[in-house]
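Open the structure in your viewer and keep the selection tool at hand. This tour tells you what to select next and what is there.

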Amino acid sequence: MEVTTHRGTGPLQQVIEIGPHRILTDVAPQFGGEASGPEPHDILAAALAACTTLTVNLYAKRKGYALDEVRVGIRHGQEGAAYALHRTIHYIGALSDDDKTRLTEVANKCPVHKTLSGQINITTEAN
């Protein structure tokens with residue numbers, strides 16, 4: 001799957017195309033944008049949150065856990081030399097402490113978490 005971007009209608013708005021899907025990204029007015037969409041770091045945090053909920057829900061369903069819903073919040077921003085993502089997971093349902101512990105272990109193995117925690121190599125070609 002290839003992700004592409006191109007300029008949108010605002011001064012800094014970008015259109016992200018992922019297959020048949022389109023997402024807008026922008027920056028706040030104080031940075032020259034119109035806040036017409038989430039900022040790129042917000043999309044990164046959203047990817048972690050979405051992957052976490054999907055992974056936990058799939059595991060809970062497969063194992064028969066009494067998980068009614070899982071809600072994930074991500075606080076993020078620069079902290080010194082590192083960019084930090086702080087994830088909070090709320091499990092809703094008749095779950096024991098052991099169930100919640102296991103689901104958190106599973107959350108820590110979601111593909112986006114593993115990607116962000118591992119080594120990332122970025123290559124760039126310019127035409």
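Select Gly64. This residue follows helix H1, and its phi is positive, near 75°. Helices (H or I, at least four residues) and strands (E, at least two) are DSSP runs, numbered from the N terminus. The model is predicted: local features need pLDDT of at least 70, side-chain atom pairs count only at pLDDT 80 or more, and totals for chains, interfaces and linings use all residues. Residues are numbered from 1 along each chain as its sequence is written, and side-chain values use heavy atoms, with hydrogens and water left out.

Step back to H1, residues 40-63. Its 24 residues reach 35 Å from first C-alpha to last, close to the 34 Å expected at 1.5 Å a residue (1.5 Å times one less than the number of residues).

Now colour the buried residues of H1, among them Leu48, Cys51, Val56 and Tyr59. Buried means under 20% relative accessible area, exposed over 50%, partly exposed in between (1.4 Å probe, protein chains only). Against what do the buried residues of H1 pack? Show strand S4 (67-79), strand S5 (82-93), helix H2 (97-107) and helix H3 (111-117).

Next, pick Tyr59 and Tyr65. A search of the whole structure finds one aromatic pair. Tyr59 and Tyr65 form this pair edge-to-face, 5.8 Å centre to centre, with 70° between the planes (rings of Phe, Tyr and Trp, its six-membered ring, pair if their centres lie within 6.5 Å; planes under 30 degrees apart count as stacked, over 60 as edge-to-face and the rest as tilted). Tyr59 counts as buried because its relative accessibility is 11%. Tyr65, at 21%, counts as partly exposed.

Definitions and conventions
Contact means heavy atoms within 4.5 Å.
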